[in-house]
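Thank you all for coming; please have a look at the sequence and the fold on the screen, and then I will walk you through a few places in it.

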Amino acid sequence: QQDFPAARWRAEFPLLQRSVRGQPLAYLDNAATTQKPQAVIDAEARYYREINANIHRGVHWLSEQATAAHEGARERVRRFLNAREAAEIIFVRGTTEAINLVAQSYGRANLGPGDEVLITGLEHHSNIVPWQMVCAQTGATLKVATLDDTGSVRMDEFRRLLGARTRLVAVAHVSNALGTVNPVREMIDLAHAQGVPVLVDGAQAVAHTPVDVQALDCDFYAFSGHKLYAPTGIGALYGRRALLDAMPPWQGGGDMIRTVSFEGSTWNDLPYKFEAGTPHIAGAIGLGAAIEYLGEVGLEAVAAYEHELLIYGTALLQEIPGLRMIGTAAHKAGILSFVIDGLHAHDIGTVLDTEGVAIRAGHHCAMPVMEHFGVPATARASLAFYNTREDLDRLAQALRRAVEMFVR
Ligand code: PMP
């Protein structure tokens, strides 16, 4: 993918021009959060400079402008996911809030004693804990399809656990700890054959591959803006209208109601039924700008370029003495997770930091994944389209120095 202009795109990210600890920054912690292009920073600032007002209830000009920009951003998210209608897009704080919304609204209304929620062994804590909470509240049971040695979900086990008592399946599209791409389309087909709806945690997918919720046929799809070059504090939940219409509201307050009296209240239409209170207007506008920006970069091209970087980086890392890759699934996106004999992941991260190479070390909010591989933590380098081979060369060089310093 020699023709992908990564350096040109990189120039549009102000933070990537910084030096860190006296070195140019090699930012390889994109699975934690991505940097923001000038276009997104400008869109958010422009909102505050030019049209800041509360939305939906104002009769004045500014409020109309702000409402139009906010709802315009919703339409961009709709197009980005190819949802049927904008009413199926609910703005939330991020993936975590989206999953909690489904657990507490759909889950509480539809789960009871003996019912089961099926997840997989590679889930982020935010696609585990909300289900544990709603299971404790309703008497339902959490089932887990475990992983094989490559960090792929055992599909035979997934099929076996998907039974007459399964009421919901919740799976990550892409694992944040390993980079494994789940066969979500196959999982959704299997679940639907049993009449079971599926939530897909798309936090690590949306920045790396085009997503089409109609082609996937998923029932819920959750993602966070900040992993998609957009601001923090904003994300979206896609939900199939038939399910959302039947679900009770999760949070009560302004905007989510149609009428309120002391005897009782009635609910607003979708999507507002699930958006109590003043939303993160600037964030939604920033998210819309990020989606537009990513449209210019082209997600198909991003996927191909990042795949090539992943292959290049994997080959480089495999030459480091004592390094073991954690997660070697055939189908991976954007993530190099590894351990080095005799060296704790945090020490790796600290040495790399002194060289201006930013990675993450730890359990990556996926403790069960660490347990599966028998490691307390991994070092994780994660890619974005603004990364280059040079970033990965610097990663490998710094790792060699770390090995020499600590192990030899
Ligand atoms: N799921 C996955 C797979 C993730 O990688 C993350 C973020 N690390 C989340 C969920 C949670 O996202 P957020 O913290 O933005 O809510």
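Gly298 follows helix H10, and the phi of Gly298 is positive, near 95°. What we are looking at is a predicted model, in which local features need pLDDT of at least 70 and side-chain atom pairs count only at pLDDT 80 or more, while totals for chains, interfaces and linings use all residues. Residues are numbered from 1 along each chain as its sequence is written, and side-chain values use heavy atoms, with hydrogens and water left out.

Helices here are DSSP runs of H or I with at least four residues, and strands are runs of E with at least two, numbered from the N terminus. H10 itself covers residues 281-297, and 14 of its 17 residues are buried (under 20% relative accessible area, with a 1.4 Å probe and protein chains only), so the helix is largely enclosed by the rest of the structure.

Turning to the sheet, we find seven strands in an open arrangement with mixed pairing, in the order S4-S10-S9-S8-S7-S5-S6, where two strands pair if DSSP finds at least two bridges between them. Strands S4 (89-92) and S6 (141-145) stand at the edges with a single partner strand each, so one side of each is left without a neighbour in the sheet. Within the sheet, S8 (residues 198-201) and S9 (residues 220-224) run parallel and are joined by three bridges, with Val200 opposite Tyr221 in S9.

Finally, the ligand: an oxygen atom of the ligand is 2.7 Å from an N or O atom in the side chain of Ser224, and an oxygen atom of the ligand is 2.5 Å from an N or O atom in the side chain of Thr96.

Key
Expected span 1.5 Å × (residues − 1). Buried < 20%, exposed > 50% of the residue type's maximum accessible area, 1.4 Å probe, protein only. Polar contact = N/O pair within 3.5 Å; in protein donor to acceptor, adjacent residues only side chain to side chain.
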